[in-house]
Amino acid sequence: MRRAVPVCRLLYQLAQQKEQACRQISNAFFASGAVPAGQPALNPVANLSFTKPSVGGRAVILDGRAVAAAWERELVGDVARLTELLGRPPGLGVVLVGSRPDSMLYVTKKQEACQKAGMNTYVHHLPDTVSQSQLEAALAHVCADGRVDGVLIQLPLPRHLSEEAVMEVLDPRKDVDGFHPLNMGRMLMRGRGVRLVPATPLGCIELLRRSGVDVQGKNCVVLGDSNIVGTPLAAMLRDKGAAAVTICHRRSYREWFEDQQEVQRKRAAAAVCLPRLPGPTPAPAPPPPPPASPSGGPDGGGGGPDGGDSFQSYQLPDLTRSADILVVAVGHPELVRGDWVRPGAVVIDVGINVVSTLPRSPPRVSSSGSSNGSGSSNGNCSSSSDGGGSSCNSEGQGRQTGECRGSGGGGGGDGSSSGSGSTTISSSTAVVSPDLGDAESSASIVAAATAAAAGAGNGGAATGDGDGCGDGSGGGGGSSGSSGVAASLYSHRNVVFQVVGDVAFDEVSRVAGAITPVPGGIGPMTIAAVLHNTLKAAKYRAGLEPW
Ligand SMILES: Nc1nc2c(c(=O)[nH]1)N[C@@H](CN(C=O)c1ccc(C(=O)N[C@@H](CCC(=O)O)C(=O)O)cc1)CN2
């Protein structure tokens, strides 16, 4: 195998030259705005001023589905060449523990994309009762499989398993998620030779690049400090030449998930004793509470009940408003509102949340009301008093029932948390559902929801067949705001659900210069990035690229 490498390399180089010529022709057919490396951007986003709202008051849509499809088509040539050289298709090994419907869906998406590109997948599905040592043995077995070039462990793992320990078992050369400490370390430290990097951040960077958004010299704010997205993405933006990258600690945004009256109290109290960033004057405040002891571990840990008092989380909208490029990966539906965003900014929404369209959604407080109590700074509307979501920009979606109120001044909504049926299913995925009774588990809702959303997103019927999740009907007549990119409304057992991001799309798309939709933004780019990384791993293995 080793002696064949120089011949392989020669053949590979020849094939690459041929491929380059083909690509020039085929690019003409890819009407997605995708830009191969080294070529100038075709997309109008390249002309964004980062200071003005987009022409006509609507953001340019960064169409992740189209760009990912073009990226995957580009990979087909590499797959064919590698198949010829290796004498077998490149292979992706996946370890899936348990039967979370969302994880199963994402694994299926990876399988389908691999198959479409001509790659093999080997899925090892383990029960959620598997022990740590059994999991590690299974992973070692997959890593040792000669047909497998890239390996990933679908996350999250059940609570009793250590993600950290299992990552150590990975062969770093096959680590297509870039989660092994060697790959992560090389990426986080300067000048250590980046190898395999996490798929979702890579998808974000590729979407920016292929859409013609230049990171160089920009002020970037990453809302979300996870190991999967926020932390690696911040390093990647730094390496792309961002002037500054701010990672917002989870305590700065988790407080915004909580009871809004309590948030108001803390924010007002904190405003008395802490300096503020430039911005509107805070409302008069009650006396400050006793100082809070620092809480939460080194990784954030979420903080204690009073952790927010000393954390200046009330300044979060000021921070996000400072961004030329804002990435949001927090796992909370529509946290970021129109007035959290600087006019003309590029907004990347990594969140995937399934919400009910019944009036049981969590209470919404626009930053105009809650961050400073002084009203809307840019004419956006505050939330409806029934807590039913965003307000003015309703375009036929039943959920957006609010009324337009010009003045904030008081927190909006009724301050109560809907609570019932709300389930967080991963760091960046949440389900907010009505109470459907005992018979309906949140997992089955997610299954129907995500399957239906996937079907809707592909412009057709839902794919919710054979998953034991009721009718799974979906796809019907939804819209993703104004994007026109992907439908996102679907129904399940007479309840209408919608997939939304961490960004209030309708509001923010009136302010931002460019925005990713959900669905149809970063999700598909993540899948394409896994394929890209698998081919990279195959090239390392074959000696076609230096490790
Ligand atoms: N080992 C890993 N686990 C997880 C990762 C990861 O990168 N590596 N990321 C997420 C899940 N994920 C990929 O694994 C993923 C999430 C969402 C999508 C996607 O295409 N979403 C669609 C819409 C939602 C849907 O159809 O359900 C979209 O945004 O258009 C792909 C991959 C956590 N785990």
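**Entry 1: R88**

Which residues does R88 touch, not counting residues up to four places away in sequence? I found T83 and R147. Contact here means C-beta atoms, placed from the backbone, within 7 Å.

I worked on a predicted model: local features need pLDDT of at least 70, side-chain atom pairs count only at pLDDT 80 or more, and totals for chains, interfaces and linings use all residues. Numbering runs from 1 along each chain as its sequence is written.

R88 sits in the loop between α2 and β2. Helices (H or I, at least four residues) and strands (E, at least two) are DSSP runs, numbered from the N terminus. The cut-offs: buried is 20 or more other C-beta atoms within 10 Å of a residue's own, exposed is 12 or fewer, partly exposed is in between, with C-beta atoms placed from the backbone. I also checked R88 against V229: they are 141 residues apart in sequence and 32 Å apart in space, C-alpha to C-alpha.

**Entry 2: the whole chain**

I noted 15 helices and 14 strands in the protein chain. Of its 547 residues, 54% are buried. Among contacts with a separation of 6 or more, 69% join residues 24 or more positions apart.

**Entry 3: α2 against α3**

Next I took α2 (residues 64-86) and α3 (residues 101-117). They pack at an angle of about 55°, with axes 9 Å apart. Axes are lines fitted to C-alpha atoms, for helices over the stretch in contact; angles run from 0 to 180 degrees between N-to-C directions. That angle makes α2 oblique to α3. Under 35 degrees counts as roughly parallel, over 145 as roughly antiparallel, 65 to 115 as roughly perpendicular, and the rest as oblique.

From α2, the contact uses E72, L75, V76 and V79; from α3, A113, K116 and A117. By class I read five nonpolar, no polar and two charged residues.

**Entry 4: α4**

Helix α4 (residues 132-144) has 13 residues. From first C-alpha to last it reaches 18 Å, close to the 18 Å expected at 1.5 Å a residue. The expected span is 1.5 Å times one less than the number of residues.

Which residues of α4 are buried? They are L135, L139 and V142. The arc is taken over directions from the helix axis to the C-beta atoms. An α-helix has 3.6 residues a turn, so residues three or four places apart point the same way.

The face turned away from the buried side carries exposed S133, A137, A140 and A144. The cover over the buried residues of α4 includes β2 (91-97), β3 (120-126), β4 (150-153) and α5 (163-169).

**Entry 5: α6**

In α6 (residues 181-188) I listed N183, M184 and M187 as buried. Their arc is only 95° around the axis, which puts them on the same side of α6. Their cover includes α8 (230-239).

**Entry 6: backbone checks**

L155 and P156 are joined by a cis peptide bond, omega about 0°. P156 is in the loop between β4 and α5. V518 and P519 are also joined by a cis peptide bond, omega about 0°. P519 is in the loop between β14 (514-515) and α15 (522-541).

E334 has phi near 55°, a positive value in a residue other than glycine. Its loop runs between β7 (325-328) and β8 (346-349). E334 counts as buried because it has 26 C-beta neighbours inside 10 Å.

Technical notes. Two residues are in contact if their C-beta atoms, placed from the backbone, lie within 7 Å. Ala, Val, Leu, Ile, Met, Phe, Trp, Tyr, Cys and Pro count as nonpolar, Asp, Glu, Lys and Arg as charged, and the others, Gly among them, as polar.
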